[in-house]
Amino acid sequence: MSGPAYEVAVRAEAMLGEGPTWDAAAGRLIWLDILGCRVHTYDPVTGRRTVRATEQHVGAAKPRAGGGLVLNLRDGVGLLDPDGAFRWLHHEPVPGRRANDAAVAPDGALWAGTMRYDEAPGGGTLSRFTGDGAAEGVLDDVAVSNGTGWSPDGRLMYYIDSPTRRVDVFSYAGGRVTDRRPFAGIEEGAGFPDGLTVDADGCVWVALWDGAAVRRYTPDGRLDRTIALPTPRVTACAFGGPDLTDLYVTTARVGLAAPHPTAGSLLVVPDAGKGLPQPPFAG
């Protein structure tokens, strides 16, 4: 069934809007334009917005425990300090490859994905980074590493490699994943799964690239809600606002011959559900 109507939170023309993340300490939403090399923030109470340019394509930006941001960049993972100073946490440039989506685990580690620009199968990775800069490869046979999230009890990790048309689930403990299995499949013609978020009830919300929608799946993998949106390239979703009840959705206009006026904007579905507080990166 269809869910509540959307609103435009920030009208923009992002080429590849992505990565909405609620920064609880600052009371703002962080989101990005990957191909535009921009990190955006939006305060829904005051309407204040900021934009910061990055020197290369940026796949994710997450709050740090001590302030500032951790950035998943084309050539590795970097740290942006509150005063604006930048330094690399892990520098590993690979020709033809860029960063994509990332998420912070319950223990404060960053799980960061990559992909090749040509989206070649096996060209992407998923890696785990701790606050001291230690890096560990988790998956090395990925095409387009995308949404990652954890169940409310921290015992499950959900993950999307978009071309598979699946959301997979792993058992998670002690920073390790085991027992990968399918959680939900996206049927032909409904788009590709992109970003995801998990709500307080353990339901998994999935943005559909070329599907013009966000779907919610119950913890047993059953589709129980679809929120239709006006633009096809829906990229990611996250709960935000002071009570974590508003679902923010990023969109893209890249590759669209006649983009809808909302393509590239940050959308919001008020009172869509109840999100989980997201831990900051422990570094």
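D271 is exposed, with a relative accessible area of 64%, where exposed means over 50% relative accessible area, buried under 20% and partly exposed in between, computed with a 1.4 Å probe on protein chains only. D271 is found in the segment after β24 (266–269), strands here being DSSP runs of E with at least two residues, numbered from the N terminus. Phi of D271 is near 50°, a positive value in a residue other than glycine. Most residues other than glycine have a negative phi.

L244 also has a positive phi, of about 55°, although it is not a glycine. L244 lies in the loop between β22 (234–240) and β23 (246–251), and with 12% relative accessibility it counts as buried.

## Basis of the model

This is a predicted model, in which local features need pLDDT of at least 70 and side-chain atom pairs count only at pLDDT 80 or more, whereas totals for chains, interfaces and linings use all residues. Residues are numbered from 1 along each chain as its sequence is written, and side-chain values use heavy atoms, with hydrogens and water left out.

## An open antiparallel sheet

An open sheet is formed by 4 strands in the order β6-β7-β8-β9, with antiparallel pairing; two strands are taken to pair if DSSP finds at least two bridges between them. β6 (58–63) and β9 (86–91) stand at the edges, each with a single partner strand, so one side of each is left without a neighbour in the sheet. From one strand to the next the twist averages 25°, based on axes that are lines fitted to C-alpha atoms, with angles running from 0 to 180 degrees between N-to-C directions.

Between β6 and strand β7 (residues 69–73), which run antiparallel, there are 5 bridges. Within this pairing, K62 stands opposite V70 in β7.

## Salt bridges

A search of the whole structure finds 14 salt bridges, each being a side-chain nitrogen of Lys or Arg within 4 Å of a carboxyl oxygen of Asp or Glu. D168 meets R166 in a salt bridge with an N to O distance of 2.8 Å, and R180 forms a salt bridge with D168 as well, the closest N and O atoms being 2.8 Å apart. D168 is buried at 2% relative accessibility, while R166 is partly exposed at 30% and R180 is partly exposed at 37%.

In another salt bridge, the closest N and O atoms of D118 and R116 are 3.2 Å apart; here D118 counts as exposed at 52% relative accessibility and R116 as partly exposed at 27%.

## A buried aspartate without a salt bridge

D194, placed in strand β18 (residues 192–198), is buried yet has no salt bridge, and the nearest side chain of opposite charge, R98, is 8.4 Å away. For charge, Lys and Arg count as positive and Asp and Glu as negative, with His and the chain ends not counted.

The side chains of D194 and N146 are joined by a polar contact of 3.2 Å, that is, a pair of N or O atoms within 3.5 Å of which, within protein, one must be able to donate a hydrogen and the other to accept it, residues adjacent in sequence counting only if both atoms are side-chain atoms. Not counting residues up to four places away in sequence, D194 touches several residues, among them E18, I160, W209 and T235, where contact means heavy atoms within 4.5 Å.
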